[in-house]
Every structure is written in structure tokens, then in C-alpha cells.
Amino acid sequence: MCIFCKIVAGEVPSNKVLENEEFLAFHDINPKAPIHILIIPKQHIKDFQSTPPEVMAKMTPFIQEVAKLLELDKTGYRLIVNNGKDGGQEVMHLHFHLLGGAKLEWPQLAPLEEAKKYV
Ligand code: AMP
């Protein structure tokens with residue numbers, strides 16, 4: 001069982017923000033911003049690339065509800081999905097990072113020369 005499935009099962013503790021039958025939102029253990037929430041489906045889906053559209057159709061309003069609950073809808077936020085090796089995905093269970101609570105930086109993600117390859 002993966003770490004996020006263990007959180008869903010209650011075998012690993014988490015600081016929950018919101019849940020319903022299908023989704024769970026909880027605080028990231030290693031926050032990168034004043035508010036850093038992970039939003040996951042309770043069912044194990046390994047990554048965004050393999051996520052069925054019907055899951056996203058229900059996950060989108062859940063994410064929006066979490067943003068509203070934390071009043072990030074007023075100030076703005078960033079939503080990040082790391083997918084696979086180059087995306088830097090460490091936990092192979094679909095999760096959205098919801099980040100906010102400060103004006104976020106937008107760092108260079110690859111060396112400038114590589115990033116400009118198609119410009
Ligand atoms: P990613 O690199 O996109 O796969 O992100 C995985 C995230 O899960 C990281 O930001 C970790 O800090 C976070 N994380 C890992 N284990 C836990 C846990 N037990 N509780 C909360 N967050 C976790």
C-alpha cells in the first residue's frame with residue numbers, strides 16, 4: 001500500500017482539511033508555502049497521466065472547495081501536479097499541490113539555455 005493509501009486508511013496520521021467519499025485534502029508534511037495542501041483521490045491512481053476524465057470532473061470542484069475553505073479564492077493560489085520522473089513525482093498516487101498564503105515565486109525550472117530551446 002502506498003503512503004497516501006495508508007493516510008486514506010488512517011494507518012498514517014495526517015492533518016486533514018476536507019474530505020468527502022472520494023477525495024481527501026491534507027497539509028503537506030514538508031510545506032513549500034504558508035499554505036501547502038495535498039489533494040488526492042481516495043482510490044489509488046498512480047499519476048495524472050493515467051487519471052480518467054470522470055475523476056477530474058469531480059476532483060476539480062473539490063479542489064475549488066478546498067481553495068474557498070482556506071480563502072485562497074480571494075488571494076490566489078498555485079496548483080501543481082508533478083507527473084513522472086522529469087516532473088519530480090515522488091509519491092506515485094495522484095496528488096495536486098495547492099499552494100498559497102503568500103506571493104509565490106516563479107523560479108527557473110531548467111537551465112535558461114535548455115528552457116529557450118523552442119523559443
Ligand atoms: P511529489 O514530489 O509531487 O510526489 O510530492 C509528494 C509530496 O508528499 C511532498 O511534498 C511531500 O512532502 C509530501 N508527503 C510525503 N509524505 C507525506 C505525509 N506522510 N504527509 C504529508 N505529506 C507527505
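Guide: A polar contact is a pair of N or O atoms within 3.5 Å. Keep that cut-off in mind here. The model is predicted.

Visitor: Which backbone atoms of Val91 and Glu90 lie by an oxygen atom of the ligand?

Guide: For Val91, a backbone N or O atom lies 2.9 Å from a ligand oxygen. For Glu90, a backbone N or O atom sits 2.7 Å from an oxygen atom of the ligand. Asn82 uses its side chain: a polar atom there is 2.9 Å from a ligand oxygen.

Visitor: How much of the ligand's accessible area does the protein cover?

Guide: On its own, the ligand has 510 Å² of accessible area, and the protein covers 86% of that. The ligand takes up the space of the largest pocket. Helix H1 (3-9) and strand E2 (23-27) are the elements that each give two or more residues to the shell.

Visitor: How many residues surround the ligand, and which are the closest?

Guide: There are 15, with Asp28, Asn82, Glu90, His95 and His97 the closest. By class, the shell holds six nonpolar, seven polar and two charged residues.

Visitor: How many salt bridges does a search of the whole structure find?

Guide: Start with the idea. Side chains of opposite charge can pair when their charged atoms come close. The search finds six salt bridges. One of them joins the side chains of Glu19 and Lys42, at 2.8 Å from N to O.

Visitor: Why does the pair tie together parts apart in sequence?

Guide: Glu19 belongs to strand E1 (residues 16-19), while Lys42 is in the loop between strand E3 (35-41) and helix H2 (53-69), so the pair links parts 23 residues apart in sequence.

Note on methods:
Residues numbered from 1 in each chain as written. Predicted model: local features only at pLDDT ≥ 70, side-chain atom pairs only at ≥ 80, totals over all residues. Heavy atoms only, no water. Near = heavy atom within 4 Å. Polar contact = N/O pair within 3.5 Å; in protein donor to acceptor, adjacent residues only side chain to side chain. Areas by Shrake-Rupley, 256 points an atom, 1.4 Å probe, with all protein chains shown as cover. 1 Å grid on protein atoms, 1.4 Å probe; cavity = no way out; pocket = protein on both sides within 12 Å on 5 of 7 lines; lining within 4 Å. Sits in = over half its atoms within 2 Å of the grid points. Helix = DSSP H or I, 4+ residues; strand = E, 2+ residues; numbered from the N terminus. Nonpolar A, V, L, I, M, F, W, Y, C, P; charged D, E, K, R; others polar. Salt bridge = Lys/Arg side-chain N within 4 Å of Asp/Glu carboxyl O.
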